[in-house]
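Here is a friendly look at one helix pairing and a few charged contacts. Have the structure open as you read.

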Amino acid sequence: MNTDLRPLFFPSSLAVIGASADTSKHSYHVIKVLHQLQYRGKIFLVNKNSQAIAGEKVFQQVADIPGAIDLALIFVPAGVVLQTLRDCAAKGVKAAVVHGAGFAEIGEEGRVQQETMAEIARVSGMRIVGPNCMGIACPASGINMVITQAPVVDIGGFSFSGQSGWATEYALIVGQDRGLGFRNVVSCGNQADLTISDYLDYFAGDPETRVIGAYVEGFKDGPRFLKAAGEAAARKPVIIWKSGKTGFGARFTQSHTGSLAGEGSLIGPIMNQAGLEEAADIEDLLDAIVAFSSPVLPQGHRVGLLVSTGAIGVAACDSLESLGFEIPSLPDDVHQELIGYLKQYLPPFAGLSNPIDLIWAPMNKRNNIVQYCLEKMAPWVDALLVGVYPGADYEETVKRLMHVRDRFQKPILTVCPYGHIHQHFMRYCTQKGIPSFGSMERAVRSLRRLVHRSEWLRKR
């Protein structure tokens, strides 16, 4: 079947079937968001009651709409979904999103209806998202039916598919807070037709998608998924959070989306071999996505540390050593240059090798000192970890970090001593390709992912 999903994410026209003026209905809020985000395509409203929305043209059926329709958003009861899909197929609609539940997740009767839905897609060529899903978000198109309460998200290179409305919402909301920008996002639900494998295929071929993330509860076709994910990983980073590994988790997965969970003990090694990054949970997934905002990968395990508090340095050393990193001593001549420069700014007990401890460094000289130290360390390491207090001029700080990164082609990750009050700095760092984290432990785990991908690419 056709795997070009542009009509889904970039429709030139869409129909809202089950459009309503009732503020308690999801269709009402989706329509409102389309206008708020200034969706530039044609919007057609469909409801059997042509007076359903005062002051708006409402068509009684999809067949009455003049012209072609790329995307249908279906907000009707489960009992009439199949006929609605048949009507859309007859109209030549290219893609449809079925929001409502009441299919495979409720039992045999729903499963049969869902199989009929898949058959409609196969016969007509119309691609179907869902059922039992939140739909899509594509900020470049002006569409966000996943989060109608806070629909404005940044455009960027992160594409995500989640077999859960909550996971998809969380990726959008928290990802936005952390500085991520989004390309294509889809809550795929029961996957009657389009599966996560199809989305991975599309994301892999999309030149604007730089990093792919997915939340998976169960596989409809495990080999197909691994093939799609492996081919995608050969082109760009792919991070998968696979849930439902335990007995209870697998049983709840069946009731949630009607999916069969895979064998938990085998999934991690198989994904690792395919070049995928496996996330332990939603925060770990977002940490990994943030890490891959770095435009460069480390070529080894040597790390340079620049901190402004001893405890952060100790935490970094412990985490680095536990994950197999090396914290190399700097050459004697470089060490002497650092001593000569830093003694004018730092107390005599400050660490002046690797790690470098900028304790009590004057704030008005901080950016110059940071840049100098990083430039001295960069030739002797593969990556740099910076845990310093950001000043009011944090944009200048990030500019200096970017300069060092680009000059030496070494990734730089930052950690804030008080991440919860330095959100603006952390977000700005990530936006500029300097991944930022709330703790050294999370930063080091994320750095390990960058090393893993670098190693995997070299072995291919």
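R302 counts as partly exposed, with a relative accessibility of 30%. Please keep in mind that this is a predicted model. R302 forms a salt bridge with D382, and their closest N and O atoms are 3.1 Å apart. The two residues sit in distant parts of the chain, 80 residues apart: R302 is in the loop between α10 and β14, while D382 is in the loop between α13 and β16. Is D382 buried or exposed? At 7% relative accessibility, D382 counts as buried.

## Other charged links

In total, the structure holds 22 salt bridges. One of them joins the side chains of D154 and R427, at 2.9 Å from N to O. D154 belongs to the loop between β8 and β9 and R427 to helix α15, so this pair ties together parts that are 273 residues apart in sequence. D154 is partly exposed at 27%, and R427 is partly exposed at 23%.

E283 and R442 also meet in a salt bridge, at 3.9 Å from N to O. This pair links helix α10, which holds E283, with helix α16, which holds R442, across 159 residues. A network of salt bridges links R127, D193, D198, D201 and R224.

## Helices α3 and α4

The axes of α3 (residues 81-91) and α4 (residues 108-124) come within 10 Å and cross at roughly 0°. The two helices are therefore roughly parallel to each other. On the α3 side, the contact is made by V81, L82, L85, R86 and A89, and on the α4 side by Q113, T116, M117, I120 and S124. By class, this contact has 6 nonpolar, 3 polar and 1 charged residues.

Notes
Residues numbered from 1 in each chain as written. Predicted model: local features only at pLDDT ≥ 70, side-chain atom pairs only at ≥ 80, totals over all residues. Heavy atoms only, no water. Axes fitted to C-alpha atoms, helices over the stretch in contact; angles between N-to-C directions. Helix = DSSP H or I, 4+ residues; strand = E, 2+ residues; numbered from the N terminus. Parallel < 35°, antiparallel > 145°, perpendicular 65-115°, else oblique. Contact = heavy atoms within 4.5 Å. Nonpolar A, V, L, I, M, F, W, Y, C, P; charged D, E, K, R; others polar. Salt bridge = Lys/Arg side-chain N within 4 Å of Asp/Glu carboxyl O. Buried < 20%, exposed > 50% of the residue type's maximum accessible area, 1.4 Å probe, protein only.
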